[in-house]
Amino acid sequence: MECRDAKLLIEAWWDRELPAEDVAAAQAHLGQCLACRTELGPVTALLTRPEPVPVPAGLRDRILASVQAAPSVPADADPGVRPSRWVRWAQAPWAGALAACLAFMVMGWVASMVRSPGEPNAISAAAAPSPALLMSWAQAMALRGQANPVGIAAHALALEHFTTPPSGAPAIFVRGRPVLEEPKPLDPASAIPELPIIVVGLSTLGA
Amino acid sequence: MPTRCDNLSDAELVRAVLNGDGPAFGLLVDRYLPAVVAVACRIVCNRSDAEDLAQDTFVRAYQRLGQFGQCHSFRNWLLKIATNLSLNHLEARRRERNRYPRIAETRPETVEPDNDAVELPSPTQWQHWLSKLDESQRAAIVLFHFHELSYTEVADVLGVPLNTVRTHLHRGRRRLRELMSARSVRESESWNVVMQSC
């Protein structure tokens with residue numbers, strides 16, 4: 001028998017998938033081939049003929065005594081289930097340091113996003129719509145005669161801006177964050193060029 | 001002397017214990033104590049720890065006997081508890097070693113065998129080889145080879161997919177081959193004598 005074939009037989013033997021006659025053939029090859037015996041002999045002996053482990057004297061009585069004295073536990077308690085991988089990682093010594101680093105990074109990012117009043121915010125300047133634009137959107141939505149939550153929200157924002165006195169509270173929200181800047185004074189003349197563009201654009205929506 | 005209870009199945013004994021028959025649990029202990037001790041000893045590679053773990057296994061099994069599903073194997077359920085407790089014990093010992101390295105150095109570990117003194121592989125040497133394996137590989141090999149659980153049963157006990165069990169077994173065996181093939185030709189000839197005497 002070739003060593004390559006013998007190794008396949010031996011591995012099947014380890015998996016308990018080998019018929020008895022083939023087990024004898026594998027054993028015979030191990031007895032004849034020094035190379036295979038050196039490589040696979042000790043492992044085969046370990047896996048196929050494990051040494052028994054003796055039971056310590058008195059252990060049975062200790063167990064029964066412990067069982068009698070054991071406190072009762074809730075019926076739904078886990079019978080020795082191993083904690084999940086995430087729980088074990090959370091218990092690792094480095095987990096606390098990593099969590100602290102992440103917390104500091106998040107706090108730094110939040111602090112960098114907060115702007116004092118008057119300090120220009122590049123994001124808000126680029127993305128915040130003007131009140132006139134919001135009013136235009138709201139009017140266009142109303143003209144379409146559809147109940148549109150976007151239009152309703154825009155109309156409400158615009159009404160809030162034009163009906164309430166400036167109090168320093170943010171009137172413009174970008175991505176849910178208040179933009180801490182004074183709203184620009186309304187210039188009806190500057191809003192007119194935007195209205196046709198918005199109406200044309202919105203009229204094509206939802207067709 | 002065989003008694004009437006010796007012929008009862010595991011499920012019947014469990015029902016008897018749940019109905020208040022305390023001595024029936026002693027029969028379950030008698031049946032599975034050797035297997036539980038062997039699993040614990042082979043996974044943690046420390047006999048004194050294995051005794052404590054075996055005791056904890058049966059105490060926990062007794063406390064949670066009501067959770068045992070009668071359609072499952074009581075033996076596998078018990079081995080699952082023993083395996084999980086053993087692996088948890090190893091993790092706790094590793095955390096202690098990392099946290100208090102000086103104290104861990106004084107803790108008695110498995111006795112290192114004198115590799116040059118024996119010709120035939122001794123039980124102590126088998127423990128030595130198993131202790132060189134990764135814990136997951138060691139548990140898979142112990143359950144599959146030493147306790148003859150199937151792949152599916154090993155996957156159920158370890159709580160991992162079937163392919164993971166195959167991977168653990170494959171890598172564990174390969175690691176054992178690398179470690180043990182470094183032994184001398186003289187010892188392999190001694191092994192040949194042992195196999196022929198079977």
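Start by selecting B:Phe25: at 1% relative accessibility this residue is buried, because buried means anything under 20%. Keep in mind as you click around that this is a predicted model.

Over all chains, the structure holds seven aromatic pairs. B:Phe25 belongs to one of them, with B:Tyr62 as its edge-to-face partner: the ring centres are 5.0 Å apart and the planes are at 70°. B:Tyr62 counts as partly exposed, at 30% relative accessibility.

Next, select B:Phe68 and B:Phe74. Their ring centres are 5.4 Å apart and the planes sit at 90°, so this pair is edge-to-face. B:Phe68 is buried at 6% relative accessibility, and B:Phe74 is buried at 2%.

Time for some charges over rings. Pick A:Arg16 and B:Phe144: the charged end of A:Arg16 sits over the B:Phe144 ring, 4.1 Å from the centre. Then try B:Arg166, which lies over the face of B:Tyr151, 4.4 Å from the ring centre.

Last stop: the surface of chain A. Select A:Trp94, A:Leu98, A:Leu102 and A:Met105, which make a nonpolar surface patch of about 450 Å². A:Met105 is in helix α6 (residues 93–113) of chain A. Is A:Met105 buried or exposed? Exposed, with a relative accessible area of 57%.

How values were computed
Residues numbered from 1 in each chain as written. Chains lettered and ligands numbered in written order. Predicted model: local features only at pLDDT ≥ 70, side-chain atom pairs only at ≥ 80, totals over all residues. Heavy atoms only, no water. Patch = residues over 30% accessible without salt bridge, like charges linked within 9 Å, V, L, I, M, F, W, Y side chains within 5 Å. Areas by Shrake-Rupley, 256 points an atom, 1.4 Å probe, with all protein chains shown as cover. Salt bridge = Lys/Arg side-chain N within 4 Å of Asp/Glu carboxyl O. Helix = DSSP H or I, 4+ residues; strand = E, 2+ residues; numbered from the N terminus. Buried < 20%, exposed > 50% of the residue type's maximum accessible area, 1.4 Å probe, protein only. Phe/Tyr/Trp six-rings, centres within 6.5 Å; stacked < 30°, edge-to-face > 60°. Lys NZ or Arg CZ within 6 Å of the ring centre and 35° of its normal.
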